[in-house]
Structures are given as structure tokens and as C-alpha cells.
Amino acid sequence: MTFLTKTGLAAVLVAGSVTAASAFTACQVTDTGGIDDAGFNQTAWKGVQDSMAEYGIEGRFLESQAEADYEANLNSLLGGACDVIITVGFLMGDATATSAAANPDQKYSIVDYAYDPTIPNVVGQVYATDQAAFLAGYLAAGMTETGVLGTFGGINIPPVTVFMDGFVHGANHYNSVHGTDVTVLGWNPESQEGLFTGNFDSLDDGRAFAQNLYDEGADIIMPVAGPVGLGSASLANELGTDELKIIGVDADQTQTDPDRAHVYLTSVLKRMDATVQAVIKAAMDDTFEGGLIVGTLENGGVGLAPFHSFEDAVPAELKAEIEEIKAAIIDGSLTIGG
Amino acid sequence: MMDGKDLKHVNEDMRKLLARAAFGRGDFEDLFVVPVFAVVAALVLGAVIMLATGVDLPTIGQSFVALAVGSFGSLNAVSETLTAAIPLVLAGLGLGLGFRAGLFNIGAEGQLLLGGTAAVIFTFSFPSLPFPVLMIFGLLAGALVGAAYASIAGILKATTGAHEVISTIMLNLISFRLLEYILRQPYIQREGRSDPISKSVPEAGQLPRLLDWFDPNLRLHAGVFVMLLAVVFVWWLLFRSKIGFAFRASGANPDAARYAGMRSGLVIVAAMATAGALAGLAGASQVQGVLGRASPGFSAQMGFDAIALALLGRSHPVGILFAGILFGGLEAGGRQMQVDAGVSIDLIGIIQALIIVFIAAPLLVRAIFPWGFRKETKGGKA
Amino acid sequence: MDVELRGITKRFGAVVANDNVNMVIRGGEVLGLLGENGAGKSTMMNILSGLYSPDEGEILIDGKPVSFDGPGDGIAAGIGMVHQHFMLVPVFTVAENVVLGVEPTKRLGYLDLKKARAQVDEINKKYGLHVPADALIEDLPVGIQQRVEILKVLFREADVLILDEPTAVLTPQEVEDFFSIVRSLKEAGKAIVFITHKLHEILAISDRINVLRQGRITGEGVPESLDEAKLAEMMVGRPVSFTVDKTEANPGRAMLEMTDVIMLDDADERLLDKVSLTVHSGEVVGVAGVQGNGQTELVEAITGLERVASGKIIFDGEDITHASVRERHSRGMAHIPEDRHRDGMISTFTIAENMVLNSYYEPAFARGMAIDWASVQKTAAKYCVDFDVRTPSVFLPAGNLSGGNQQKMVVARELERQTKLVIASQPTRGLDVGSIEYIHARLIEARDEGDGVLIVSSELDEIMGLADRILVMFDGRIVAEFDNTGGKADRNAVGLAMAGAHEGAAA
């Protein structure tokens, strides 16, 4: 009996893989945050899903539970099953490079990593997130009532700290324009030191760090630590948005965290879904070429999410100023941190 | 004449006493039948859970085929299974040895982290040493640091009576933060990186991959030999050596061991150090064989999985080896389940946990599969 | 209430624990059940109390056949068992323990302790138990704890009381009190089954006696027509000698000399108060005393298990006051511990492993860092043969052995080596007549080979029979010394000293 069942199931399996192989397939390997991290893994996956809907391709993902899984997960996607493999996260840089070198015919793309020199079969996707975070910092400085803002990160790595750089510079720019004295706790762009939870998964840490910043007077906080920020959001939810507002990162968090949508002042968008979709399109059209895609305000790769429930609370003048700054950054007349 | 007869009689008696007891059916059931049924029961229950979470039947069947194929169904699968088993078995051996000595050491995670880090630092500090000298010294450095770190808990217990469960948990927490600090030191941190990540293990310090001549993606490395040697060594240590006898005696009955003149303090420190050395070796084999560097959390909870592993293997080296291969297979097969059937990796964690629960509760397994076992008679001696 | 067991047979695998046993238990009567360890007494009583069901045979209560499916059925039918090992919650009061499981409750499950206390007092009065209902179990002496167990059974309205080796834990005085309780229970019409392997007790209290050997009834009778020798023969299957055969001691040089040894507890109270004693080569010194008067600590001081605060211990001319356990052992000190289960052996280890528990490191058993198991096993087999340890194989766990064989294993391990001094603490506690006889002979043999032997026992008979010289301990001190050459010490005088009378006279 078992034999029959097994052969039957094997047949189903074989049939399944045959159909899968016939269509164009995009595969994603997540880092340890998981596919539903309300952060970059999820956003990148949205790019795959959008492509599935628009181009009719197949998509699948593998979740990594540990760093040792990166290479193994990449290996298990080899053998022609995937037309393009998308890896997510700075920490997967080494594993992706190793795998790409061993399998030169396989197309890869990595979110949040730029190789120098570039690798012929890998497209790095990086983002000028500081541009969007600059706008968020300016906005927050204009909205704060205590004159204190806060931010913290997951791990002190460039894709994280670039948010914090932009945020601080944006707030400083507000100070110099309006002659105010808004301070940002949690990050010092000069020394490149600040507050870090040391992980991308502890919601408890997100809550505790936000609590600390709130106790120090911050009324708007930008957590840059993937799902850790959900912990901060739940604190804001309990305290009420008059006491504490959160600025989301990566995706529009009113969409990824709908239960607490009202606590998000805005989100600093890192449109990984857009760049991932662009890479998939290129792979489908045979225009895929190793190198770098940089998401900017100009090409829409980064941006600021709508204010949603704060739409009326944000003064029209502030909105106008932000639009002006955005234009200035795009035309190059304003440089961040300059 | 009379004496001769007596002597013959005595010799006859002694021969009888020395005849090895046959391998009983009870032992066979405990060692083989129970684990097999436990795995079956866990898989069945796992299927029920999948059904409850809305996975359809063909997908469930597909995922179990994938589990089998992904764990033992191909050369790559076996390679992945063994690769995952290496650090688990090494750390599990240390924990099992501790359990035998009556020490509930929760600290394998920290010992593994620091041991692995020491191996990385040692190997990139002496890049001029040739292979295999650098590789072997790297492993030794890992073992030594693991032993030293575990000894702290041992010494605390021997001198002040501090319970090892508490002290090893605390040492784990310390090791997590300590590692982040170490990895940020300029000498250790990789050039051009601001996140905590170490420099790489040089080629000569790596455990060479064994099958890459066949397929560059096969990750099985020479650590598998380290693992097998460790199994033999721990078996010898526990069941053949003098100090191992003291370990086991102290674990089975500390009072009797004290009455027999065994020095409990010495036993505690020696057992903890040996356990730590094996955990350190696990960390070293992982960084020298798989990861090539140290980063925060590279241990990936292996030190905790190894606790379950040691319990599953009944703290016997061979049992731990098989349990490690089972865990490795679940890890590799679980990956295949994701690839082929799109079933969540979390399910593998659930099945793993179920297997442990069933093996830990042999009575439950006997109750579920009554036809698999000889009928039990109640009671003991008259 | 009368209970009859007819043709009861119970097998465990190939072992027949009870073989066609017939037994009658009558109300208002004490039935003495005598047998060696492993004779099938406990199985018999477990069948009666419903814990086991028999393979063959039937149980009749007042002439009607009954069948029990579990321990609850036994007590429901009025059969209660008082176990050798107490089953009490130490931090609960007497009343709480007695009602545990059958608590009287008010509305909403509220515990009615007042009612419980009243019921306990009523039983107390009826049978003269004198147990304080509000005392915590942990504060009570062992003898009173045992009465609490009896209270529990009476509270559940048992008409048949099975007492499993009840006197094993009692002092001679407590035994007397206990017997008077048994008599009052009998007068109240209860049926009593009194299980023991102590011959004089069974003769003193029983109305009828049944003897079990190897699962069968091998003797029946009334005390008037029996004596100890007849009972022992029925029990063991051969004539048994009760007097220890020994020649006069021939004391030589001092093997052990203790001078003013003081041992303190955590609160700095003196556990040993300036103890001085000498044991010579070729003599047996017996330490008598009621349990808990410093005998345990005395042995710990001599064997090095506990540190002494001050004083000196000399072993064959060498100062060993600060030597380790192993050092003393390797110099030729043998120690048969008081509690063999806890301290003397490891029940999960094989017999072979237990035989070398304290000598595994010696050159005879070791090759470098490894143990030479072949040599260990051969030696263990020899020890088993020499000391009559009955086991099919040395590879079996020691826990599988009967109590007597476990003790013989421990004695073999300690005495087979070259020894100079033997410290034997309660060497025959809980053993059957055959084993006791054997171990006593071995201890005298050690003496005759020139060892100094120190025996600590709470059985005065044992001390009287074995010792050439008797020391009495009371309250951490040695309060009296008697010459017992040829058994000439006055038993009453020793008993009085044990009770502290000597103390009173001196003060």
C-alpha cells in the first residue's frame, strides 16, 4: 500500500515540477527575518507577486532560518528550476557571490547589496534611502511637539544606517530653515554610532527601545529594524498618537501592519518591489545585465508614503516645503549631509 | 580430590556469571522500535496539523516525499543532512556527557559561539601556517576556548554550589553580547564593514569539502570525520576510561560516588570542560567548514537543539549520532519541503518537536502502537 | 470481617511469586506472615489490597468471592495496607494527611478541616493512638508517623489492616508501644496481618503464624507450639544458627585511635562531642545507641566523608585526620555504609561496575587511563562466588538484586581487598536471617584475620552477638563502655545507657 501511495505521490511531484519548469520562474531566498517580516523580505516578495500577476510567471520563495541556510537554500534552487534567483539582504552578500561564481549561467539579483567590482550574472539593488529619509526627518521636525525625535536600528550596517543618516540630516535641515532646535536621539551621523537592537526579529526589543526614547522625550520615532518596529508601533498604539507616532520604513506600513495603521505618520519607502519587478522584467526580456540598480527619489525607487490618517494634521505649508525639497534633491541643488 | 571438584565447581559458576546477558527484546524495543514509531506518529500528527492549516492532501503527500528525498534521497541530500548533523552531534556529545555526569548544561550555545569565534580568529591570525596544521590548530583553539568557557560554570558549581542551569544560561547571554563586542574590534572586524562580522578563515584553515570534485555545490566537509572521531572518543571516555567511570557514577548516584572516594568537584569541572570542548569544536567545525567567518548568532540555536538531541540519543554517543543524523535529515528535508511543496519551514520545527515528545514518552508510543510491542507484565520483584 | 485467599498463584514472566497459596484472615485476630525477602509476602499482600490481580485463585470476603481491579477496590472492601515506606506529605499536618484524597468538604469544595480534626481525634481516642492532629508530619518522630499511616487506614474504615514490616523503623521502646496499639485494634475486632522477618516479634504478637518460602506456604501454627529455631528453619529451609560462632578476641596493635574529635553542624552545634575511642587489630568494637545520637557522624568522621572541627584520628599509626576518602580507603579502610541504596551502590550500574566502585583506578583494574573491564568482570565474578551473591550474571544492574544480595555485594567489595580496618554501619538492616548469618560470619572472619572491626548498629542483639567490646553513644558522646568477652555484658545496663540513663546518673 505504501509503495502505491508513494509512486502515486511521486508522479504528482514529477508532474508538478514539469509544469513549474515550463513557465518563467522567479525564486526568492529570504534572510532570517522570514517572508512575512513586514519589511524588506515581504516587500521584495511583493515585487515577485506583482510580476506573477502582470507577466503570468511562476514565483516561489525559500525562508532561511539561519545563516548556514543561505548557501544551502541557494543550492536547492539550482538546476534550472529558477530563471532568476532573488536574494534579500546585505547579510546574504557573501553567499550570493559564492553561488554566482560557482554557477555563472544562473541569473541572480540581490536586494540591498552592491558588489564592487560587479559580478556579470548578479544585479545589485541598492537605494538612496537617505533621500526619502531626509524628507521624513524634515516632516518629523515640523510635526514634533516636544522638539525631540528618536530613531534606532537593527544592526549597524549601511542599509540600516543610511535611513538614520537621512533622517537626522532632514531634521537638521528643518532647524536651519526655521531656526528651531529639534534634536534626534539614537543616531550620530558623524561618529556613525547609535542605538541598535542587535537583531531583526525581537518585537520586545522594539517596544523597549521605543519606550526608552519616549521616556527621553521623543514623540516621533523611526525604527529601522524590520519587524522589530512592530513592537514600537504597539507601544504607540497603547500610548496614543498624541504621545507617540511612528515612521515606518521599507514598505508603507499602514498596508503591512493594518491593525495599527493609525500610528504611522508616514513611511520611508524603499520600493524594493519596484526594483525586483524591474529585474524580473529584464530577465524575461533577455536584457538582464550584471551591475547595479539604484533606487532614488527621481526614479521612484525611494519615496515618502501618504500621510493617511495624518493627512489633515500635517500643515499645508509643511507639505509644500517637502515637495520643494524633494524637487531640489532631484535636480541636485540640495545635497544630503552637505 | 574434594578440593579439585570444588575448584571446578567455582570455575563453572564464574563462567556462568561472565556469560553476557543476551541483547534483550526490551532493549531492542527501547532503542529502535520506539524511535521509529515516534517518527511515524510525529509525521502523522504533522500531517493532521497541515490539514488543519488548510494544506490539501496531495500537497501533504508531496511534502512528505520531498522530506524523504531531501534528507536521504540523493547525494546532495545526504551531503546536506550530514553537514547539518556535524555541529549538532558534536555539541550533543558534550551535552550527553554532561547529562551522564549529572550536569544539566544549557550553555552549549555560548560555548559553541565563543569556540567558533576563537577558531576564526586563530586561523586568520596565522595565515602563513600550512594546511592541515592551521586547520587542526583552529579546531583545537575552538575546543580550548569552549572548554575554558564551560569551566567557569563548572568551577562555580564545584566551589560555591551555584547551579549549572542558572550559570550556563547567564553565560550564554554574556557570550551573545561579548561576541558582538569582539566582532567590532578593528583587528577582528572585516575591512570595509561596519557591521559585526569577522575576517574570513583562510583556505588553509578550512575543513576541506569532500565532494566538491564531483559537484561544487556539495557542502559536506571534513568535519564529518571530526564528528565520527568524537563519537568514538566520547564512547571510550564514558565507558572505558577511569574518569568516565567517575562521571557516570557521579551522575547516577552522587552520594555513592562520594562514598566511593570520587572527588565531586574534580568530576564536575572535568565534565564541564569536556562538554565545553566538544561544543567549542562544534562551533569551530561550523565556521571552518560551512560559514567561513563569525557573525552574531551564527550558532543558529544549535546549542539548544543539541540539548534535545542529547536527550533523544539517551546521552549515548551512538544514539546521539543517530539523533543528529535524524535532525540533519529533517533540516535538509525541510528545505526540500519548502522548495517542492511550498510548505512552511515552521512545520518542520513542529514535526521535530513532536518526534522528541514521542520519544521522550515511550509509554505514549506503546499505547498508540500496542501491536508493535511485546506484552508488558505489570509489577516487579515478588 | 473474615477474608480467605484460595489457591492464589501469581507469576511475573517465568518467576512464580505466589504458588497456590491458601490463607485465612479473621476479625479479632493477628495473623503473622513470616518470610525472607523475596519469599512472596509483598506480592501476596498486594494481591489482597487490589494492586495486583492473581493469575489463578480467588479472594473471598465473608464467604463471598470478590474481584479487585485496582488499589481503590481493596480499600473500598475494607482492606487497608500500611506500607513499609510511609506515604505522607511532610509539610502537611496529621489531619491533612489523614483526609488526603477523601477530604470532607463543605459547599463549593471548601475543605472542612475542623470536621477532619474531629474525626481524627475520635479515632485517636478509640484506639489509644495519641497522635497530635495539628502537628506537622516533618516534626514527628518515625514511630508517630507510622501511627499516622495507621490512622489513614482506619479513617477509611478498613476492617483488615495489613502491616508491612512495621517494626523495621522502630526502636525497641517504640516496638512495645506499637504492639499495644495492635492489641487494641485486635480487641476492636479488626483483622491484622503482620508481616515481618523478625522471629521474636512474630512470636510475641501473633495469634497464628503462616510462613512463606519461595512463594509457597511452608509452615503454619500458633506461637505456643513454635519457637525461633523452628520458624527459622521453615523460613530458610535449613537449620539456622542464631549465635555468632566466634572465638575469643585476640586484640593486637591499635588500628584506629580517635582523640577528642569534635564535629559541628551548620549552626555550630556539636554533632560529635569530644569522642575518643580505640579499635585494636583483631577485635570487634560495637557502637550501640538509639538512632540519631551521633553514630552516623562518627562513621563520617572516621571514613573522611565529613570534616572534623578538631581532634585527631590515627589509622594504624598514621594521622589521617585530614586525609581524603580515597586515601583512607587505599590505606586499607573498608566501609559498609549505613544506607546501601543511597550510599553503597549505584542501582543502574552493573554488578561488575559496583564491585569496583571505589577501586576502579587501582593498577589491578586499570591500563593507563582506561579501565581493564575484562579484569574487573573476572574479579566481580570471583567476588560473587566468594560471597554468595546470587545473580545469573555480573552484567545485570545491581538494582535487580534482592536486598540481601545487594548487601552481600557491598560487603564483598569492601572485604575482598587487603583491609586493616572495617567500618560496618547497620550491616544487616532489613536483611533476612540467612543473609544476616552470612554477613556476621564474614565480619568475624575479618577480625580473625587481624582487622580491626567497628560495628555501628541500632539492633542491640546484633551488637551483643558480635562485639568484643561495646561502646554506647548518646547525644554525640560515648557515655559507656562494656567488656563483652564471651557475651558477658549486661544487656539491661547497655539498654539503659542507650536511653541516656547513664547520663542522668552522672549528672
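Modeller: Buried area is the accessible area (1.4 Å probe) that two parts lose on being put together, summed over both. This is a predicted model, where local features need pLDDT of at least 70 and side-chain atom pairs count only at pLDDT 80 or more, while totals for chains, interfaces and linings use all residues. Residues are numbered from 1 along each chain as written, chains are lettered from A and ligands numbered from 1 in written order, and side-chain values use heavy atoms, without hydrogens and water.

Colleague: What area is buried between chain B and chain A?

Modeller: About 2600 Å² is buried there, and carbon and sulfur atoms give 50% of that area. In terms of contact (heavy atoms within 4.5 Å), chain B brings 31 residues and chain A brings 28.

Colleague: How many salt bridges lie between chain B and chain A?

Modeller: A salt bridge puts a side-chain nitrogen of Lys or Arg within 4 Å of a carboxyl oxygen of Asp or Glu. There are 5 salt bridges between chain B and chain A. You can look up B:Arg335 and A:Asp69, whose closest N and O atoms are 3.1 Å apart. Polar contacts (N or O atoms within 3.5 Å, within protein one able to donate a hydrogen and the other to accept it; residues adjacent in sequence count only through side-chain atoms on both sides) join 10 residue pairs across this interface, both residues at pLDDT 80 or more.

Colleague: Which elements of chain B give two or more residues to the side that touches chain A?

Modeller: Elements are DSSP runs numbered from the N terminus: helices (H or I, at least four residues) and strands (E, at least two). Here they are helices H3 (57-72), H11 (264-291), H13 (317-341) and H14 (345-360) of chain B. H13(B) gives the most, with 5 residues. By class, this side of chain B has 10 nonpolar, 8 polar and 13 charged residues. Nonpolar covers Ala, Val, Leu, Ile, Met, Phe, Trp, Tyr, Cys and Pro, charged covers Asp, Glu, Lys and Arg, and the others, Gly among them, are polar.

Colleague: How do I read the contact between chain C and chain B?

Modeller: Chain C gives 47 residues and chain B gives 32. The area buried between them is about 3400 Å², with 64% from carbon and sulfur atoms. The rule finds 1 salt bridge across this interface: C:Glu353 with B:Arg248, at 2.9 Å between the closest N and O atoms. On the side of chain C that touches chain B, H10 (325-330), H11 (340-344), E18 (370-371) and H13 (373-386) give two or more residues each. H13(C) gives the most, with 7 residues. That side divides into 26 nonpolar, 13 polar and 8 charged residues.

Colleague: What order do the strands of the open sheet in chain C have?

Modeller: Strands pair if DSSP finds at least two bridges between them. This sheet of 4 strands runs E2-E1-E4-E5, with antiparallel pairing. E2 (15-25) and E5 (64-66) stand at the edges with a single partner strand each, so one side of each lacks a neighbour in the sheet. Further in, 5 bridges join E1 (3-12) to E4 (56-61) of chain C; C:Val3, for one, has C:Ile61 as its bridge partner in E4(C).
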